[in-house]
Amino acid sequence: MKKRQMFLRMITASLMRRRSRMLVALLSIAIGATILSGLVTIYYDVPRQMGAQFRSYGANMIFVPADTAFTEQDVRQGAAVIQAADLVGIAPYRYENVRINGIPVVAAGTDMQGAQAASPYWHVDGAWPAKDGELMVGAKVAESFRLKVGGEIELSYTPETRTQEELKTVQDQTCTYQITGILDTGGSEEEYVYMSLPDLAKLTVDDGKVDVAELSVSGGAEQLEKYIEQINAAVPAVTARTVKRVTASETTVLTKLQALVLLVTIVVLALTMICVATTMTAVVAERRREIGLRKAIGASDKSIVGEFLGENLLLGLLGGIIGSLLGFIFAQQVSIHVFSSSISFRLWIVPVTILVSIAVTGLASLLPIRSATEVDPALVLKGE
Amino acid sequence: MFLRMIRGTLLRQWKKMLMIAFTIALGASLASAMLSVMLDVEDKVNQELKTYGANITVVPKAASVLNELYEVEGGEASGAYLAEGELGKIKTIFWAFNIVDYAPFVNVNAALDDGSTVKTVGSWFNHHMELPTGEQLDAGITSLRSWWEIVQGAWLDEQKEGDDADVCMIGTALAKKLGKSAGDTLHLTGSESDRSLRIVGIYDAGGDEDDQIYAPLNTVQALDGLDGKIDSIEVSALTTPDNELAEKAAKDPGSLTVSQYETWYCTAYASAICWQIQEVITDSVASPVRQVADSEGAILEKTKLLMILITILSLIGAALGICNLVTASVMERSSEIGLMKAIGAQNGAVSGLVLTEICMTAVIGGVVGFFAGFGFAQIIGHTVFGSSITMRPVVIPIVAILVILVTLAGSIPAIRMLLRLRPAEVLHGGR
């Protein structure tokens, strides 16, 4: 008991008395620990955060009818299999041939909010349709019919089931809509007219059927395959497929990005840890005189090594705690600035950071202490 | 005398000095490696994002308005085409260097022997071009459709087969429907001629292409007598993310002032490259594919920002690390400084001596570290991207200034603190 008290007193006294020097050592350990915990946190969060960025490429999964047709109900049922947090957006589409001034155009009915989330790259001049009776037209449709935002158009629809006889006598169903926006994507979407599903049902036939659904799901290729298996098993009316172009390319690029962050982390960590080690070595080497003096008044090598180690391990512990806190703050700042979302806190990084800091400080101080204890105290004290 | 003292310190205390130089070298290598990687990361990631395929499509002016609308009705395509002979010009525009890959497309509805029609697409697979500039380029859909999975056989290669060879690739869905496998032949009848094509490979594209036939450009042109005509061109170009200027220009380049126009024209915005392509290809409309072009911009920006922040962290780490060690090593020399003061040295002389010693060590360490860091950057470049990182001259002054500043910042406070001490106390060992 007494011995332990003495040990503690010596360590704390030494830390207190040599404040400035110990502060230097502590600072250096804390920097190392900050970089360690910060970078490791970022490394583990990069796939998730970057994956979310890749959702700007739009849908990576589509639902097509397993048979000939399916309903919006089936689509929602299929989407329910996917965890809510992973589902970025879902947009069911129903396509019908309609006419503007007698010229055929494809009208697509969809859930506007879902389409906006699933295809973030859609560029709308004006606004997305929000109310009944509003629609947006593709840029090419707008160009060929000279349509402007704010204008009105009349769409007409001829049911496919009509016989030749009826075609002559029965009037087409028509509705007038207000154009709220012009869609610019650089793809085939520019040739369509977009409106809400209920609006399209009003113009055509209300049978609740949809042709295809686009889903934007966050998660790697493996996760997607798992979801697809589950959906195909759970909802027989739906066949889910990945959009290979998006998923395959995402895997390639994301793997490279993660490898980049991993290598950078390794290089930075290795160099920083060596830096911490040399600083610790310098701080301990300075105390050769003290070691010599203690040996001269009869301290055993073991007790000297134990005491110095204890002191440095305490520093390592303190530095590790400060570092893991600062590291998390850094990672959080990075996440907010780069990805504008907060980072997920991983508890295991804290003990790992503390253990690594203790190990590095311990190893770095052990060598100079050893070499100091091996020297004849008389020589050390003389200053040679 | 000054020189002799410095030489003396360096020779006698070489072990300590070596350690300082080593730490400074580590810090400098960290700084130079991270700066090199950071400055190059945009180019590298941009290259990687090319796996998403073309980001610009070029179609004939007439077709862009009407053709595709009428096609909905199943009518014949209207007669506007681009000229195959002008394809080489794409590589002569201002941003020719940024054009990574491109391929022309011609679509024909060909009849199979059982009477059904199949969409047959003619394109380049691995087309070799001798450019007017003397450069050589291999372009085609082998790289523009990198996500296609070859289920059977191999990619068609017209460099091996010849430009209008009777070969083709077909999609998995079609192969299943027809019961064909690689090596079989397929008889196609177009409006002008008919041909028997050998199936070189079967691909799985995960989309509409799975029901189509892909064959060399000239082969498909011959089917419908469309010699020298193409329907569209897909271009994959390295672009700069759009900003306000680019958006304004994309709407109407005429609305820009002369200097704005020049800035826009001489920046690799997707809209500027489109504009330049329209200038060289007669009667064409080039437009960015938003799905690819916009997403690329977003991801590039995020990656760059991430790397900048990591670089800043490691620069701070390197700076504090060096600073710390220098402080520690100066403090260690308290008795030496005390002794010098005791025998009458001026404060200025003492600080000059210590600073010169440390700075010399720093320069040596910094130079070694810079090259080591460049080596680390190359390791990262080769492991991750399979290509080397460009050496940027701007890294040298940044690292040099960083090392010098940090060394001075680390040693001056320590020296000042030691100078304030009374020599007798120091020598006595009171501190």
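Colleague: How many bridges join β3(A) to strand β7 of chain A, and do they run parallel or antiparallel?

Modeller: In this predicted model, 2 bridges join β3(A) to β7 (residues 152-157) of chain A, and the strands run antiparallel. Strands count as paired if DSSP finds at least two bridges between them. Strands (E, at least two residues) and helices (H or I, at least four) are DSSP runs, numbered from the N terminus.

Colleague: Which residue of β7(A) does A:Arg99 stand opposite?

Modeller: A:Ser156.

Colleague: What about β4 of chain A, how many bridges there?

Modeller: β3(A) pairs with β4(A), residues 103-110, over 8 bridges in the antiparallel sense. A:Tyr95 has A:Ala108 of β4(A) opposite. Their hairpin has 2 residues between the strands, and A:Asn101 takes a positive phi near 50 degrees there.

Colleague: And β11 of chain A?

Modeller: β11(A), residues 212-217, is joined to β3(A) by 6 bridges, again running antiparallel. A:Ala91 has A:Glu214 as its bridge partner in β11(A).

Colleague: Why is β3(A) called largely enclosed?

Modeller: Because 10 of the 14 residues of β3(A), residues 87-100, are buried. Buried means 20 or more other C-beta atoms within 10 Å of the residue's own, with C-beta atoms placed from the backbone; 12 or fewer is exposed, and in between is partly exposed.

Colleague: Switching to chain B, how many residues of helix α7 are buried?

Modeller: For α7(B), residues 217-224, it's 7 of 8. Among them are B:Leu217, B:Val220 and B:Leu223, along with B:Asp224.

Colleague: What covers them?

Modeller: The cover includes β3 (99-111), β4 (117-123), β9 (185-189), β10 (194-204), β11 (213-216) and β12 (229-230) of chain B. Just after the helix, B:Gly225 takes a positive phi of about 65 degrees.

Colleague: Now the interface: how many residues of chain B are in contact with chain A?

Modeller: 58 residues of chain B, against 59 of chain A. Contact means C-beta atoms, placed from the backbone, within 7 Å.

Colleague: Which element of chain B gives the most?

Modeller: α11(B), with 23 residues. Elements supplying at least two each include α2 (14-48) and α13 (347-385) of chain B.

Colleague: How far apart are the centres of the two domains of chain A?

Modeller: 58 Å, taken over C-alpha atoms. Domain 1 is 2-53 + 252-382 and domain 2 is 60-242, with bounds from an automatic or database domain assignment.

Terms used. Residues are numbered from 1 along each chain as its sequence is written. Chains are lettered from A and ligands numbered from 1 in the order in which they are written. This is a predicted model: local features need pLDDT of at least 70, side-chain atom pairs count only at pLDDT 80 or more; totals for chains, interfaces and linings use all residues. Two residues are in contact if their C-beta atoms, placed from the backbone, lie within 7 Å.
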